[in-house]
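Please keep the sequence and the 3D view side by side as you go.

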Amino acid sequence: MADVIVIGGGPAGLGAALEAKKTGAESVVILERDRELGGILNQCIHNGFGLHEFQEELTGPEYAQRFINQVKDEEIDVYLNTMVLDLTEDRKVTVLGDEGVQVIQGKSVVLAMGCRERTAGAIDLQGYRPAGVYNAGMAQRILNMEGYQVGREVVIYGSGDIGLIMARRMTLEGAKVKAVVEVMPHSSGLYRNIAQCLEDYDIPLLLRHQIQKVYGKDRIEGVTISQIDDQWRTVEGTEKIISCDTLLLSVGLIPENELSEKGNVPLDSGTKGAIVNSTMETGIPGIFSCGNVLHVHDIVDFVTKESRIAGRNAARFARNELPRGEEIPTRPGKGVTYTLPQKLMLEDPDGVTLFLRSDVIYKKARVKVKEGDRLVKEKRERLIVPSEMVQITLDPEELRELNGEIIVEIVGEKND
Amino acid sequence: MEKLSLRLWVRKMTRVVEKEITCIACPMGCKLEIIRDEDKYVIEGYKCKKGLEYGEQELKDPRRIITTTVTVKGGFLPLVPVKTDKPLPKGLIFDLMKVIDGMSIEAPVEMGQILLENFQETGVNIVATRDLPEKILKK
Ligand SMILES: Cc1cc2nc3c(=O)[nH]c(=O)nc-3n(C[C@H](O)[C@H](O)[C@H](O)COP(=O)(O)OP(=O)(O)OC[C@H]3O[C@@H](n4cnc5c(N)ncnc54)[C@H](O)[C@@H]3O)c2cc1C
Ligand code: SF4
């Protein structure tokens, strides 16, 4: 029996466990399937983490280490090499660890399992599946943690941040990155990563291009790329063969919710994570969710922020102190692909931070929180890009005044 | 069209947009414009002081923080992640990579430990970015 069981020892799990302890949970347990704490951050050796949390730029491992050190200083039970196999609605957690299979009862549970990469199957590639085709995150782990060279001549498919970071990383390790190929008319990565990972090393970014075919039977030997038009049709005569021994796929991340589904936690088809209220509680009482398992984050500082809300409320639940009250739904409006949390608890003593993602790039934008026609809150942003989440906060008073469905929208100059 | 006429207007005012660069000092990634006004340069488009500083540095001597890994003997993992503790002049990046490729250190390593001091008299040190104990962590 534990007050709070945290599943996953990445930044979300670490933040939730620490905050649960601070809020008065007596026994807090972290269950981690890997050989160490830190999650995905251990392989993200680049800098760019912690500007909000620590007001300085840290690398992924440094960010993780600071939290790991805090966890070591607290009485938090950490179980490594421990895979969670099952979860029930009444918060029984089945684990496979050093001592075989065990069942632990939690008064509350925090889901913090992170996300996984979409696989090659998620995109349409002709040809064989020869060696040398990797998911970008997998390649990152092999290179940065296991110390194996991944390849010498590289093409990267998808221009999300992981792809961009890996383009630079492999260049530094002596590989030639021939191109980053992106089907969309814009990169889904951060501008700074296009500048410091591609432009710095003269790596071409081919927008509105696709990979048509993969060559090579045992090991990849090359790819055919071509330009595509607005209707996603190949532009005749633009086909080109690029030789390479490595193809990295950076085609996106999806929350890892198999376990949540076992616990009958209702999921959102937009975020692919749990539906939560502003306390980060899922549809199942006493089960909370935060971090990349809830929705894919690009900034770890926000993961930490969210995980503290989940940890705090999980501790309150365990101590029978979680406030209950009326909940109202939130909905993405114009220009917004999703908002989170999906429900606001009006009695939330902490107020609420709404997270949202835009559909395209907006300049001179306004983020509006509306209840019917009433404008509840507005925030100006000079630039909003889909790759960066926008936050808007409602304080406890603003929250208590609400009584109908909340719509969040973005208006501004579209820039595509 | 609008942009072009704006440029012409700007040029008339003796100010020329020389170059557009992306500020990398935070995830906002603001577009900075380097504008030549007769014989001096002006930077516009930054949203905060750090952006101005970045633009000025980028004009006179572009530098970058470099992160990579160093081989470790007898460690819990075969590599320890490292970074330059200050931005390194861009022209020296591949020289540094060559030196680091040849390095090997002994576990244990502690976060912040200096593994290479004052690289080529630049004042830049290579520091470890995590603890790396000798053998497998046991709880
Ligand atoms: C390649 C990459 C680059 C990034 N770059 C940046 C950046 O520059 N700046 C920035 O701020 N953010 C960056 N991010 C985002 C940030 O790192 C993530 O949002 C953050 O690490 C997510 O934390 P998490 O704890 O939710 O997930 P994770 O770090 O993935 O942790 C989840 C943990 O749960 C464990 N787990 C999963 N399932 C189970 C199970 N069944 N049983 C037990 N344990 C389980 C996993 O082993 C893992 O340790 C990047 C992310 C990636 C992937
Ligand atoms: S100018 Fe300031 S806000 Fe804009 S990217 Fe640079 S550091 Fe960030």
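This is a predicted model: local features need pLDDT of at least 70, side-chain atom pairs count only at pLDDT 80 or more; totals for chains, interfaces and linings use all residues.

Residues are numbered from 1 along each chain as its sequence is written, chains are lettered from A and ligands numbered from 1 in the order in which they are written, and side-chain values use heavy atoms, with hydrogens and water left out.

In soluble globular proteins, nonpolar side chains tend to be buried together. A nonpolar core here is a set of buried Ala, Val, Leu, Ile, Met, Phe, Trp, Tyr and Cys residues joined through side-chain atoms within 4.5 Å, where buried means under 20% relative accessible area, exposed over 50%, and partly exposed in between, with a 1.4 Å probe and protein chains only. The largest such core has 65 residues, and the members that touch the most others are Val4(A), Ile7(A), Ile30(A), Val93(A), Val110(A) and Leu111(A). Its largest share, nine residues, is supplied by helix α8 (residues 300-318) of chain A; helices (H or I, at least four residues) and strands (E, at least two) are DSSP runs, numbered from the N terminus. At least three residues of this core come from each of domain 1 (1-117 + 253-322) and domain 3 (325-416) of chain A, with bounds that come from an automatic or database domain assignment. Apart from this core lies another, of 47 residues, which includes Ile165(A) as well as Val72(B), Phe76(B) and Ile93(B).

Next comes the ligand. Ligand 1 has 32 residues around it, of which Ala12(A), Glu32(A), Asn292(A), Asp298(A) and Val300(A) come nearest, and a residue is counted as near if one of its heavy atoms lies within 4 Å. A polar side-chain atom of Glu32(A) is 2.6 Å from an oxygen atom of ligand 1, whereas a polar backbone atom of Asp298(A) is 2.8 Å from a nitrogen atom of the ligand. The protein covers 94% of the 1,000 Å² of accessible area that ligand 1 has on its own, as found by the Shrake-Rupley method with a 1.4 Å probe.

In chain B, the assignment gives domain 1 (12-60) and domain 2 (67-128), and the C-alpha centres of these two domains of chain B lie 31 Å apart.

Leu85(A) lies in strand β6 and counts as partly exposed because its relative accessible area is 32%. Arg312(A) lies in helix α8 of chain A and counts as buried because its relative accessibility is 19%; leaving aside neighbours within four places in sequence, Arg312(A) is in contact (heavy atoms within 4.5 Å) with Glu19(A), Ala20(A), Thr23(A) and Asp350(A). His295(A), found in the loop between β20 (287-289) and α8 of chain A, is buried because its relative accessible area is 0%. The side chain of His295(A) makes a polar contact of 2.8 Å with the side chain of Glu306(A), and another polar contact of 2.8 Å joins His295(A) and Tyr338(A) through their side chains. A polar contact is a pair of N or O atoms within 3.5 Å; within protein, one must be able to donate a hydrogen and the other to accept it, and residues adjacent in sequence count only if both atoms are side-chain atoms.
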